[in-house]
Structure formats: structure tokens, C-alpha cells
Amino acid sequence: MLELDRTSLPASSEALRADVRAFLAGQQEHLAEPNSDFTTGHDPVFSAKLGARGWIGMTWPVEFGGGGRSFFDRYVVTEELLAAGAPVSAHWIADRQSGPLLLRFGTPAQKQRYLPAITRGESFFSIGMSEPNTGSDLASVRTTAKPVDGGWVINGSKIWTTDAHRNHFLIALVRTAPAAGENRHVGLSQIIVDLRADGARVRPIRNMAGGEDFNEIVFEDVLVPADRIVGEPGNGWKQVTSELSYERSGPERFLSAFRVFVEFVRLVGPNPLPHESAAIGRIAAHLMTLRRMSASVAGMLNEGKQVEVEAALVKELGNNFEKLLPELTRLAAPTDRTRDSAWRRSFEMTQLLSPSFTLRGGTREILRGVIARGLGLR
Amino acid sequence: MSGARMNNDPNEPLNIIVDTANRIFADSVDKAMLDAAESGRFPDKLWQAVVATGFHQVGSLDSGTGLPELFALLEVSGRHAVPLPLAESLLANVWAGAADGLSSIGLWQGDVITEVPWGRSAARVIGIRQDSREVVVVDSVDTTAHGANMAGEARDRIAIPPDSPTMTVSSDPWTLLALARAAQTAGALRTVLESALTYAGDREQFGRSLSKFQAIQHSLAVQAAEVAAARRAVWAAVDSLDTQRARAEVAVAKIRTGEASGVVGEAAHQVFGAIGYTHEHRLHHFTRRVWAWRDEYGNEFSWARELGAMIACSGADSVWSFISGR
């Protein structure tokens with residue numbers, strides 16, 4: 001049976017919350033268009049400010065530039081940034097999963113080389129998993145890295161790579177050796193690729209909302225130095241699946257539509273009609289419960305526990321909620337007052353982003369499969 | 001399975017209560033008892049077992065237990081569809097002093113108390129009103145009408161004798177009873193899910209067990225997520241009872257367990273097919289209860305209205321501080 005602990009955030013983490021709010025109050029130039037979706041707003045200047053406050057790599061050891069703090073502290077900082085609609089996408093992936101991956105599996109030299117720059121908000125990473133013929137079936141990747149004198153030569157392509165046209169590095173899942181018959185998990189490796197390297201062509205892909213956040217990357221004989229393999233060659237499958245747990249339980253999995261909620265409350269004012277207040281209350285009930293669940297998972301991460309199934313649970317509920325939220329506000333909104341409202345702008349942007357909520361970071365179908373495995377069904 | 005236990009320390013009072021209650025209820029509450037209770041026969045022996053264990057005083061002063069233990073016990077009672085007015089007895093004992101006889105609670109409306117669980121068998125009935133801490137205590141119970149909710153749970157009407165005393169209780173009765181139903185619901189939903197998981201593993205169609213079909217796996221995954229959310233919401237509310245946020249957190253728990261009841265009840269019945277729709281099957285003792293409890297002490301809409309009004313009143317720029325408050 002899947003249960004989440006009765007964990008609440010410790011008082012010390014709550015004290016940190018006040019610091020984050022005070023900081024954000026002075027950052028109006030970065031908050032002109034607040035959007036709680038973590039992929040909107042690539043702002044290296046803002047990321048560097050967060051780095052200077054010690055709010056990137058918070059849980060990492062001090063020797064690598066980290067804060068040596070708890071997952072509760074990181075939870076508070078990340079949810080405060082998202083709720084305010086701050087531009088966090090530049091450092092988000094490096095902070096959330098590339099850094100923790102290197103910390104867990106990287107060589108000492110890799111940790112020294114990459115982690116301190118990430119914590120300063122100067123070094124940004126993208127995720128290199130999907131390919132044109134590889135979506136949810138991740139083990140089917142065809143991009144290869146072949147050993148040559150002085151390193152590896154990469155050929156193939158990656159797709160849906162958020163911010164590859166803006167970030168510095170990609171951690172790509174590549175095939176370094178053939179699969180062992182039926183076992184496709186053998187022979188996969190993760191490798192750090194400089195996105196400006198010769199032979200790497202990055203082409204932005206326009207999404208249905210009109211934005212250009214994700215990309216296709218084509219690798220033609222891209223030479224990568226030997227020391228860029230993360231951990232052991234051939235260990236890529238184990239590493240990439242462990243990385244996904246970090247990706248799935250955080251507040252970015254239920255706060256993407258949060259600004260729509262704020263603007264809806266503004267739209268209806270202090271004395272809402274019954275159906276308007278009921279919509280607000282229903283949204284709040286889901287949101288408050290998801291926060292508790294996500295904090296429970298942060299507590300498990302703090303204790304070094306495996307959270308794969310619990311994280312999938314939070315993402316499944318959180319993504320569904322992110323889609324429900326705009327819809328509840330749309331149906332309750334007073335139509336005579338919505339034209340030119342901040343709610344309307346926020347609603348339309350989020351509605352157009354919403355198909356991605358249940359795709360990125362593992363589709364709804366994959367997550368339900370993970371939960372089903374946790375229930376012993378497969 | 002650990003039930004409502006909060007950690008693995010077997011000596012925690014809360015865990016002792018949960019483990020003992022799970023054992024007693026699993027041994028004694030069966031389909032025959034549930035059917036008898038739903039046809040109007042009060043389960044005397046079960047009540048005697050509760051009194052013998054001292055469970056009727058959980059949460060009361062001098063019992064060494066408090067509201068967390070009380071709500072943990074109610075969650076366990078939901079897991080077993082215990083056909084007693086346990087929530088009402090426990091809370092009546094907290095407010096009006098522990099009594100060994102059966103106590104119950106209903107809605108105080110003029111000179112009657114309505115919707116009283118097992119009013120016909122109670123020695124003491126307390127009448128409460130929404131938004132009031134003043135309650136009326138009836139010690140000589142005269143039942144004027146028998147009734148039942150959609151789960152077949154006794155919901156009676158009793159007369160209030162003219163000289164019945166009133167008293168003011170220390171915490172809002174409506175809030176605690178709403179949370180009681182939420183806790184019972186979290187427990188019952190867990191049993192619904194466990195039953196569906198077991199059935200999906202046992203039942204074979206097209207040459208394989210239902211649990212091997214992806215459509216069924218995904219349905220059960222959705223149910224598991226709802227059950228986990230419902231339970232987390234209940235315990236967030238229990239943990240907030242001594243704070244200013246109690247009312248808001250109970251609203252969340254009542255709304256979230258109510259929504260989960262709709263989703264899980266529907267999906268679990270679909271997994272069971274026609275057999276789960278029969279009276280002979282035990283599933284409906286749980287699904288009918290969670291459906292009925294949604295509407296007792298405020299349904300999702302009424303609690304959402306109240307919660308939403310609180311948030312709207314604090315203003316758009318305070319939404320996040322409200323949501324993230326503690």
C-alpha cells in the first residue's frame with residue numbers, strides 16, 4: 001500500500017521562507033510577467049542572483065559549492081520561486097537533476113569541474129533523453145558514442161530538449177555498446193556534451209503556444225573528451241532511471257498553473273459568488289494536499305530513501321491538477337469581466353502549455369505504470 | 001499491513017491503538033454483522049468489546065491519548081466499516097465526560113435532534129449546530145423516528161426534553177465531526193482499494209488475471225493516488241487542530257476525501273464488475289458509506305465555498321501565503 005508519511009516542514013525551513021519572500025520583493029524587474037511554469041523565463045542574471053544567495057545546489061556538499069542543507073529547505077525555496085512566477089528555467093535542470101546525478105555517479109574530477117559553477121548560477125544543463133524515434137521507450141535510444149583516441153565520437157540526435165539553444169551542457173543518454181540480445185539496458189551510458197561543440201547543431205522547435213523552448217539537436221561526429229562519461233560506461237540505464245525520481249516529486253509538478261489561480265482570485269474580488277468561491281476552495285484543497293504530499297517525499301529524500309513510486313504518485317496527481325485548475329476557473333469566471341483581464345492572459349498561456357504537463361518528465365501512462373509496479377501489479 | 005500507523009515504533013500509543021483496533025475489528029466485524037446492523041440491529045457485543053478495551057475513552061481527558069489517537073482510531077473503524085457510532089461516542093465523551101453507555105451526536109434543530117447515528121440505542125445524545133459551540137445534552141433519550149443514510153447506517157430523530165441542559169464545548173463540533181467523517185472515509189477507501197487489488201489479482205479473463213491488463217493497472221494506479229491524497233489530507237488536518245488553520249485544513253480534508261470517494265468508488269466497482277454490484281458482496285458496505293459520508297457535516301461544495309471565501313477575503317496577493325501557511 002502506498003502511503004506518505006505525516007511529515008511537515010521543520011521550523012527552520014519555514015524561517016527560510018521569509019528570506020526568500022524578502023528577496024523576491026526586491027526583484028520586480030525579473031517578475032514583470034510572472035509565470036509559475038518552470039520552463040518559462042530563462043534569466044541568467046536572476047539565476048546568478050539565486051546562486052549568490054546559496055539557493056542553487058542547496059542540498060549538495062559544501063566542498064562542491066553546495067549548501068549542505070536539507071531537502072525541506074530546497075523544497076521551500078523552489079516552491080516560493082514558482083509561486084511568485086520567477087524566471088527559473090536557466091538553472092532549473094542543473095539544480096534539480098544534473099547536479100544530483102553528477103554528485104551520485106560522477107567522478108571526483110567531474111564534481112569539481114561542474115558543480116561549483118552550477119551553484120553559482122553560471123552553468124546550465126539540459127536533459128538528453130528523448131530522440132526522434134525514442135519517446136517513452138527510453139531504452140530504444142540510437143544515438144551512439146564510439147571510443148576513439150582521446151575520447152568519444154557522438155552521432156545521432158536528441159529531441160524535445162528544453163533550452164538546449166540557451167544552455168551550456170547536455171547530459172545525453174547514448175549507446176556505447178550493443179544491447180545484449182533482449183536486454184537493451186546494457187551498453188547505455190550518460191555523457192556530458194558541450195552544446196557549442198563542433199558538429200552539434202541545435203534547432204529550436206516552435207511549440208503550439210508560439211514559444212521556442214525545446215529543440216532538436218543533431219550530432220555529427222561530435223568529439224567528446226574521454227573524461228565526460230558520467231560514472232561508468234554501461235551504467236547509463238541505472239543512472240537515468242534514478243535521476244527521474246528527482247524529476248517527478250517537486251512543486252513544479254503541481255504549480256505550473258498557479259498564476260491562473262491568483263489572477264482568478266483577483267478577478268472575482270473579495271466577495272465572490274458561491275460558485276466562484278467554491279472553485280477557489282476546490283483548487284485550494286487540491287493544492288494544499290499536493291504540497292503536503294510533496295513535502296512528505298522531500299522528507300523521504302532527506303532520509304536517503306527510494307522515492308520512485310511516491311514521486312510518480314505526486315506527479316500523476318499534480319499534473320492532473322495543473323490541468324484541472326485553469327478549467328475550474330474558466331467555468332466559474334464572470335464572462336462579462338474577463339476580456340483584457342490578467343486572468344484571461346494567464347489562462348490562455350497556461351491552457352496552451354497544458355498538454356505538455358502530462359508529457360514532460362514521464363507521460364501519465366508511464367507514471368501510472370510506475371505506480372502499478374509499486375502496487376505489485378507488474 | 002500497518003493501517004493508520006504513523007511509523008514503525010510498536011510502542012507508540014497511537015500505533016498500539018491502531019494495531020489493537022485493527023485486530024479486534026478484523027476478528028469481529030463481518031458481513032453478517034454489517035447486514036444485521038443495516039437492518040436495524042445494534043451490534044451490542046461489538047460495543048461491549050470496545051468498552052472492554054477502553055477504546056470508547058480514546059481522546060478523553062486522563063486517557064493518556066488525544067485527538068491524533070482519536071482520529072487514528074476512527075480511520076481504522078472506517079477500514080472495517082465498523083457499524084457503531086464510534087466517532088460520536090468518542091467526541092461526546094471528550095466534550096461531556098466519559099460514559100460507559102453509548103453516546104451519540106446529531107443535529108440540534110428546535111426541539112429535536114436529527115440524523116443521530118443509533119439514536120435508538122443511545123443512553124446520551126448531544127445536539128450540535130453548525131457554527132456554534134453551544135450544544136444540548138439529552139440524557140433520557142426518546143426516539144421519535146428511525147431512519148438511515150444511503151449506507152443503511154442508522155440515523156434517528158430524538159426529542160429534546162424541555163429541561164435538557166446546554167453547555168459550551170471547547171472546540172467547534174461541526175469541524176471535528178467533519179474531520180471524523182473524513183478520517184473514516186480515508187480508512188474505508190483504503191479497504192476499497194485493497195479489495196480491488198486482491199480481486200484484480202485473483203480474477204482471470206481472457207486467460208490472464210485482470211491485474212495484467214494495462215487498463216486495469218492504470219485504473220488501480222489512479223485509485224491508489226486518490227487514496228494516498230485523501231489520507232494525507234486527513235492527517236494534515238489532524239496535525240493542524242491546535243492551530244488557527246484548523247478550520248481551513250479540515251475543509252481541505254473533507255473536500256479531498258469527498259472527491260476521492262467519488263473517483264475510487266466508481267473505479268473500484270468497475271474493476272469488480274457485476275459481482276461487486278451484488279448485495280452478497282461486501283464491497284458496497286464500504287462504497288455506500290464513503291458516498292453517504294460525503295454529505296454528512298458539509299459536502300465538498302459547502303466546504304469549498306467556505307474555504308474559497310476565506311482565500312478571496314485575504315486577497316489575490318495573499319493567496320500563496322494562505323496556501324503555504326501553517
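1. Let me start with one residue pair in chain B: T166(B), in strand β7(B), is the bridge partner of V136(B). Strands here are DSSP runs (E, at least two residues), helices are runs of H or I with at least four, and both are numbered from the N terminus. β7(B) and strand β4 (residues 134-138) of chain B run antiparallel and are joined by 3 bridges; two strands pair if DSSP finds at least two bridges between them.

2. A word on the ground rules. This is a predicted model, in which local features need pLDDT of at least 70 and side-chain atom pairs count only at pLDDT 80 or more, while totals for chains, interfaces and linings use all residues. Residues are numbered from 1 along each chain as its sequence is written, and chains are lettered from A and ligands numbered from 1 in the order in which they are written.

3. Now the sheet around that pair. In chain B, 7 strands make an open sheet with mixed pairing, in the order β5-β6-β2-β1-β3-β4-β7. Its edge strands, β5 (142-145) and β7 (166-168) of chain B, each pair on one side only. Neighbouring strands are turned by 40° against each other on average, direction ignored. Helix α5 (residues 86-96) of chain B packs on this sheet, touching β1 (103-109), β2 (112-117), β3 (124-128) and β4 of chain B, and its direction makes about 80° with that of β1(B). Axes are lines fitted to C-alpha atoms, for helices over the stretch in contact, and angles run from 0 to 180 degrees between N-to-C directions.

4. Chain B as a whole has 11 helices and 9 strands. Its radius of gyration is 20 Å, which agrees with the value near 20 Å for a compact globule of 326 residues; the radius is taken over C-alpha atoms, and the globule rule is 2.2 Å times the number of residues to the power 0.38. Of the 326 residues, 52% are buried, where buried means 20 or more other C-beta atoms within 10 Å of the residue's own, with C-beta atoms placed from the backbone.

5. On to the interface: the contact takes 43 residues from chain B and 41 residues from chain A. Two residues are in contact if their C-beta atoms, placed from the backbone, lie within 7 Å. On the side of chain B that touches chain A, α7(B) gives the largest share, 14 residues. By class, that side has 28 nonpolar, 6 polar and 9 charged residues. The nonpolar class is Ala, Val, Leu, Ile, Met, Phe, Trp, Tyr, Cys and Pro, the charged class is Asp, Glu, Lys and Arg, and the others, Gly among them, are polar.

6. Helix α8 (residues 274-302) of chain A and helix α10 (residues 300-314) of chain B pack with their axes 6 Å apart, at an angle of about 90°. That makes α8(A) roughly perpendicular to α10(B), a label for angles of 65 to 115 degrees. This contact has 13 nonpolar, 3 polar and 3 charged residues.

7. Finally, chain A. In helix α11 (residues 364-374) of chain A, the buried residues include L367(A) and R368(A). Their cover includes α9 (308-332) of chain A together with α7 of chain B. K315(A) is found in α9 of chain A and counts as buried, with 30 C-beta neighbours inside 10 Å. Beyond its neighbours within four places in sequence, K315(A) has contacts that include R248(A), R253(A) and L367(A).

Conventions. Buried ≥ 20, exposed ≤ 12 C-beta atoms within 10 Å, placed from the backbone. Parallel < 35°, antiparallel > 145°, perpendicular 65-115°, else oblique.
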